[in-house]
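Trainee: Could we go through this model together, beginning with the ligand and its surroundings?

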Amino acid sequence: MATEPKQPGRLIVISGPSGSGKSTLTRIGLERTGLHLSLSATTRQPGPNETDGKDYHFISRQKFEEMIAADEFLEYAQVFDNYYGTPVGPLNKKLAEGQNVILEIDIQGGLQVFKRFPDAQGILILSPDMKELQNRLEKRARDDAETIKKRLAKAEWEIQTAQQSGHYKHILINDNLKKAAEELVDILEGRS
Ligand code: ADP
Ligand code: 5GP
């Protein structure tokens with residue numbers, strides 16, 4: 001008996017300044033929904049609580065550049081002196097299986113994705129204000145002071161660019177984590 005062709009999955013792009021709480025919220029969103037997270041590749045060093053193959057594929061610059069040359073990324077961007085990218089093979093496979101997939105990627109990457117997938121759903125995560133953003137980056141204790149300065153300097157540009165693009169239809173202020181997580185789950189499950 002012939003099987004029905006599967007409806008392809010949909011793509012959800014979650015972006016926001018570093019420290020706004022994307023990873024925290026995405027993790028909760030994944031636990032509460034059946035969505036799949038695309039695992040990115042990066043040339044940055046793993047942080048103390050990060051594992052290769054779970055948080056990222058941590059790869060060398062040379063390997064990353066070989067993958068660019070072989071057209072193996074849906075999108076990639078240079079963020080804070082390192083490359084980050086979405087491997088296209090595993091993503092296409094999940095979408096073809098009918099799985100809805102979350103990409104947790106920066107704004108530059110998000111804009112590349114919206115060019116190829118105009119129907120992708122964009123969610124922008126923001127912290128209540130810049131002071132709180134700084135507090136969270138410091139509390140996370142992953143980056144040195146210089147890196148935190150760079151991350152803060154880039155945040156305003158990112159917020160403006162995302163809003164002007166018109167693709168991030170959902171803007172989620174991550175003030176109270178519990179409330180923000182509920183809002184995110186509502187968006188992911190199509191209730192808002
Ligand atoms: P991002 O992935 O956007 O860089 P993280 O998810 O790593 O951000 O969050 C940055 C820091 O802020 C982490 O230490 C996290 O525990 C904390 N955090 C996330 N959401 C909140 C919140 N609503 N209130 C307070 N701290 C938060
Ligand atoms: P971090 O170093 O904090 O893990 O990530 C830095 C930034 O890179 C974040 O904005 C994160 O969303 C983004 N990022 C993570 N993976 C990808 C990816 O595959 N592509 C792009 N363009 N950005 C990514």
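This is a predicted model: local features need pLDDT of at least 70, side-chain atom pairs count only at pLDDT 80 or more; totals for chains, interfaces and linings use all residues.

Mentor: Residues are numbered from 1 along each chain as its sequence is written, chains are lettered from A and ligands numbered from 1 in the order in which they are written, and side-chain values use heavy atoms, with hydrogens and water left out.

Trainee: How far is a nitrogen atom of ligand 1 from an N or O atom in the side chain of N174?

Mentor: N174 is among the residues that come nearest to ligand 1, of 14 around it, where a residue is near if one of its heavy atoms lies within 4 Å. A polar contact is a pair of N or O atoms within 3.5 Å. Between the nitrogen atom of ligand 1 and the side-chain N or O atom of N174, the distance is 2.8 Å.

Trainee: Which helices each supply at least two residues of the shell around ligand 1?

Mentor: Helices here are DSSP runs (H or I, at least four residues), numbered from the N terminus. Those that each supply at least two shell residues are helix 1 (22–32) and helix 5 (130–140).

Trainee: Is L25 buried or exposed?

Mentor: L25 is found in helix 1. Buried means under 20% relative accessible area and exposed over 50%, with a 1.4 Å probe and protein chains only. Because its relative accessibility is 0%, L25 counts as buried.

Conventions
A polar contact is a pair of N or O atoms within 3.5 Å; within protein, one must be able to donate a hydrogen and the other to accept it, and residues adjacent in sequence count only if both atoms are side-chain atoms.
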